[in-house]
Amino acid sequence: MKKYSSKRSIQILANLLQQYGISDVVISPGSRNAPIAIHFSEIDHFNCFSIVDERSAAFVALGMAKSEKKPVAITCTSGSATVNYYPAITEAFYQNVPLLVLTADRPVDFVDIFDGQTIRQKDVFHQHSYGDFQLLEDKEENAEDINFETIKKAIELCFEKQGPVHINIPLEEPLYDLVSELPTFPIVEKTIKKKEYEIPSNLVADWNTSQRILILVGTKDYIPELENQLSQLVKNHTAVVLSEANSNVYHEKFFRFIDRYIFNFTEEDYKKYAPDLLITVGQNVVSKKVKQFLRKARPKQHWHLDEVWQPDTYFSLTEKIEVKPEIFFSRLLKFINLEPRPYYNLWDVLRDKKDAKHEKFLNLVEFSDFYFFNKASQTVPENYNIHFSNSSGIRYAQLFDFGKRKMYCNRGTSGIDGSTSTAMGFAIKNANPTLLITGDLSFFYDINGLWNQYIPPFVRIIIFNNGEGNIFKIIPGPGNANPNTLDEFIATKHHKNAEHLAKHFGFSYTKVEDDMTLDRVLDNFFKPDNQPKILEINTHGTNSADVLKGYFEFMQES
C-alpha cells in the first residue's frame, strides 16, 4: 500500500509538478525534507534519484536538465544542506538551466533562536535565482489557496526564464504523518507567457548596409534550426561566423578555432579584422583573445540575441534583442540580401595560413596534454556527448576539431567544482554515451560526482593528470610568483592518481604514461563494457605548459 505525506503543502506541490510535466527529482537525505522524499517517491509519475552530497546533487540535476531540456527539481533538508546547492545554482543562473529548488525549512518562528539546522533560508539564493518563494505552513489562514498560487507562479517562472527558481518550504513536526489516499486536485490553467517577435525594419536596413558582419557564437546547446540559418549566411560569404568548441554549430565555412587565428593580433590587426556589425549569440565565450579583439575593435553596432541575458561584454552593445536566436534569424533571412562580402575572404586567407601551421606542429609534438587532445579529437566515437572540465580542459578543446560531437562545459561561472557531477547527471538522462574529459584538480575536487548509483555503464572518463593546476603555468601572471609559492599554493602540485577511486566507485581503470600506450588503448577504451571506465593519462614527466606555449610561438612564426 502506498503511503503519502499528510502535509497539504507537499500534496499541492507534487500535484502541480505533475501537471506541468516535471518528473525528475534529485533528493538528498534528511529529516526535514522527509515528507517531500516520501511523498514524491510514492508517486509513479516521478523519477526520484538519491544523491547524498547536496553540492554534487545540484550539479547532477543541472546535467539532467541540460540533457532533458526541461526543469529538474532538487530537494534537501534545512540548514547548511541548503547552501551547498549554491555553486550549481549560480552555474544554472548564468547558463539558463531550469532547476526548481525545493528546500525544506524549520517553522518561521525557529529562525535565529539557535534551533538545530536552522539558518536564514528565505531568499537565500536571491542574487542568483529568477524567483524566490516561501510557502505557508498548513495551519495558516488560506494556506492551501495561497500555496497553490505560489507554487504555480514559481513553476511557470522556471519554465519561462529557463533558470533556477527557489521555493522554501517551512514544515513543522510531526514530519512522518502519512495517509494512504490523496485528494482530487483541480486542473491547473497554465499561463506560461510566449513571446512574439517581428524584426524591426531598421535592423534589416543596418544589415544590408553593413560590409563587415561578424557573428560570434558562444556557449549554447545544439539547435538544428540555428545551424541551418547560420549556414545560409556563410554559404555565399555574406558573413563571418566565429564559433567555439561548446558552441555546437558545425559548418566547414564557420571559423571554429578562434584562438588559432587571433592569439597574436596586433593593434593593426584589431583594425584590419574589425567588424562594423557584430552579432553575438549564446552565452559565455571561452576565448579571452576574442574578448580582447572585439573590445579593441569597437564595432559601430553590436546586437546581442538572447531571451534573458543582454551583457555588454564588448563595451559596444547597441541592440538588446530578447528573443531566441533561431527565431531572430528566421525573421531576418526573409528580408536581407545574401550577397558576398570581401570581409569573409579576409578571414578565410588568415584561416588557411594558420590551419596549415597547426597541421605542421602536430607532426612535431611529443607526448603531453596537447598530444592527448589531438589524439582524442580523432578517436572519440561520433555518437558521444563530450563534457569538458574547466580550466585548461576546455581551452585545449578550442584548438582541435572534434567534428560534430555535442560538447559541453560549465562556462556559466567557469568553475571546476561540479564538472564530474554535471557530466554524470547528463549521462543518466541521455540515450547516447557520455565522455568526460577532465583535468586532475577538477576530477579530485568533485570526487562525490561518482558517489552515484545511477551512472550507466557506457560512461567514460578521461583524466589528463599533469600533477597540478597546469592552467597557472599557461596563463600570464602566476609565473611572476616565487616557484615554491606557485607550486604549493596556486598550481597546487600533487602526486595523486585515480586508481583506487575508480575501484571504489565501480569503474574499470587504465593508466597511460606514454604515447605508444595511449595510441594502443584509446580505441579499446570506447568499446562496450558492463561497467563505466576511467582512463588516466599521466603527463607528470612532461612540461605540457611549455608545449602549449611552444605551439603558439610556432603559430606566430611567418
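1. Cysteine 48 is partly exposed, with a relative accessible area of 26%, on a scale where buried means under 20% relative accessible area, exposed over 50% and partly exposed in between (1.4 Å probe, protein chains only). Its sulfur lies 15 Å from the closest cysteine sulfur, that of cysteine 76, which is too far for a bond.

2. This is a predicted model, in which local features need pLDDT of at least 70 and side-chain atom pairs count only at pLDDT 80 or more, whereas totals for chains, interfaces and linings use all residues. Residues are numbered from 1 along each chain as its sequence is written, and side-chain values use heavy atoms, with hydrogens and water left out.

3. Cysteine 158 counts as buried, at 1% relative accessibility, and its sulfur is 16 Å from the closest cysteine sulfur, again in cysteine 76, too far for a bond. A search of the whole structure finds zero disulfides, a disulfide being a pair of cysteine sulfur atoms within 2.5 Å.

4. The structure holds 42 aromatic pairs, where rings of Phe, Tyr and Trp (its six-membered ring) pair if their centres lie within 6.5 Å, and planes under 30 degrees apart count as stacked, over 60 as edge-to-face and the rest as tilted. One of them joins tyrosine 273 and tryptophan 347, whose ring centres are 5.2 Å apart with planes at 65°, so the pair is edge-to-face. This pair links distant parts of the chain, 74 residues apart, with tyrosine 273 in the loop between helix H10 (267-272) and strand E11 (277-281) and tryptophan 347 in helix H13 (residues 342-362); helices (H or I, at least four residues) and strands (E, at least two) are DSSP runs, numbered from the N terminus. Both tyrosine 273 and tryptophan 347 are buried.

5. Tyrosine 384 and phenylalanine 526 also form an edge-to-face aromatic pair, 5.2 Å centre to centre and with 75° between the planes. Tyrosine 384 lies in the loop between helix H14 (369-379) and strand E14 (385-388), and phenylalanine 526 in the loop between helix H21 (515-525) and strand E19 (533-538), so the pair ties together parts that are 142 residues apart in sequence. Tyrosine 384 is buried at a relative accessible area of 5%, and phenylalanine 526 is buried at 10%.

6. One aromatic cluster includes Tyr273 and Trp347, together with Phe255, Tyr261, Phe265, Tyr270, Phe293, Tyr343 and Tyr344.

7. The charged end of lysine 357 sits over the ring of phenylalanine 554, 4.2 Å from its centre, the criterion being NZ of Lys or CZ of Arg within 6 Å of the ring centre and within 35 degrees of the ring normal. The charged end of lysine 406 sits over the ring of tyrosine 222, 4.4 Å from its centre.
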